[in-house]
Amino acid sequence: MNEKQALSSSELGTLWLTYQQKTMVQRILEYFIEQADDNQAKEIMQDAHMKVINYVEDIKAIFKNEGAVIPIGFKEEDVNIGVPKLYDNMFDIMFCRLISSISMGLHTLHMNMAYRKDIVLFYKELTAFTQSVYDECVDYLQKKDVLPRPPAVSMPKSVEFADGTNYMSGFNLFSEKRALNTVEIAHLYNAIESNIIGMQMMTGFAQVANEPEVKKYFIKGKELAKKIVTDYTQLFLQSDIQPPSTWGANATDSKVAPFSDKLMMYCTSIFCGFGLGANALGTAFSLRSDLPLMMVNTAKDVLTYGRDGGKIMAKNGWLEEPPSMQDRNDLTK
């Protein structure tokens, strides 16, 4: 009889992370669904919410079968459904699009860390699900004309090769910087777009945070997102490129918290991780020498900000620890 292999440390760790993220998304969707005033948006979120609950239950079942404790994650007490709207103008679907984008990357990464067939299949299903939600959000936002497309570009008519090292120059004060290429534009555009949403998210979180230290932290996050948007927008303008802008996704004037400080802090940490990953890709694929330096400095600021958040979470008892390996030094005492 073939017995199923025990979960590896990597599989246990990634499932634990997925459980944290999905229970957070579950609670956020509960609030957005209750506040939705557009039937199509509500339907997209209700569909996603039902499937997220199913995936959370799947992870619980895996942990139970393996004899592992069920993580805490985020519970009903982490959301206040009946409070006034904290965001308007389709922020809910914009948030769903961005969190789906983050999830697609995480699930693909986690699938590459899985070896047991049922866990690989689980992440394949999760990836397909998040791709589907992402597609629905993009279609909805484009129909509502609140999701600007990246700038148009003339189609290349011939293949070009860099003529010497001048192509990579970005620091020479005595020569003009070349225009951004389309690969660089893609990464910069994505950073601007995601930080515009992050800035609005932080604005709302800062308005409703209960703890003064947490409120101060979200204000700092809003300013960091604003700085990234400003710096990267300036790069676009130097190449005569229109930066992204939208009339949607604004914070209201509500000061009543729909989410616990714990949930908002964890959500912010997810966005920080996404920002670091996106910056790493942008740094790797940007050939103009000034761009990687700017992106490395941005990553340093985001990393410092994320670490400060971790300290606040640990201080307040909100930082749930992932499963650990046995401490052999402790066992041999």
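A salt bridge is defined here as a side-chain nitrogen of Lys or Arg within 4 Å of a carboxyl oxygen of Asp or Glu. The structure is a predicted model, in which local features need pLDDT of at least 70 and side-chain atom pairs count only at pLDDT 80 or more, whereas totals for chains, interfaces and linings use all residues. Residues are numbered from 1 along each chain as its sequence is written, and side-chain values use heavy atoms, with hydrogens and water left out.

Helices (H or I, at least four residues) and strands (E, at least two) were taken as DSSP runs and numbered from the N terminus. Helix α1 comprises 27 residues, spanning positions 9-35. The distance from its first C-alpha to its last is 40 Å, close to the 39 Å expected at 1.5 Å a residue; the expected span is 1.5 Å times one less than the number of residues.

By the salt-bridge rule, the count comes to 13. Side chains of opposite charge can pair when their charged atoms come close. Within helix α6 (residues 212-238), glutamate 223 and lysine 226 are three residues apart and therefore separated by about one helical turn. Their side chains meet in a salt bridge with an N to O distance of 3.4 Å. Glutamate 223 is partly exposed, with a relative accessible area of 37%, and lysine 226 is also partly exposed, at 34%.

Other pairs link separate parts of the chain. Lysine 85 and aspartate 37 form a salt bridge of 3.4 Å, N to O. Lysine 85 lies in the loop between α2 (39-66) and β1 (87-88) and aspartate 37 in the loop between α1 and α2, so the pair ties together parts that are 48 residues apart in sequence. Lysine 85 is partly exposed at 30% relative accessibility, whereas aspartate 37 is exposed at 67%. Glutamate 193 and arginine 97 are likewise paired in a salt bridge, their closest N and O atoms being 3.3 Å apart. This pair links distant parts of the chain, with glutamate 193 in helix α5 and arginine 97 in helix α3 (residues 91-111), 96 residues apart. Both glutamate 193 and arginine 97 are buried.

A nonpolar patch on the surface is formed by Tyr167, Met168 and Leu287, with about 260 Å² of accessible area together. Patches consist of residues with over 30% relative accessible area and no salt bridge, like charges being joined within 9 Å and nonpolar side chains (Val, Leu, Ile, Met, Phe, Trp, Tyr) within 5 Å. Accessible areas come from the Shrake-Rupley method with a 1.4 Å probe, and for residues only the protein chains shown count as cover. Tyrosine 167 is located in the loop between α4 (117-143) and α5 (182-208) and counts as partly exposed at 30% relative accessibility.

Most residues other than glycine have a negative phi. Aspartate 145, in the loop between α4 and α5, has a positive phi of about 60°. This residue is exposed, at 63% relative accessibility. Aspartate 240, in the loop between α6 and β2 (250-251), also has a positive phi, near 55°, and is exposed at 73% relative accessibility.

Key
Buried < 20%, exposed > 50% of the residue type's maximum accessible area, 1.4 Å probe, protein only.
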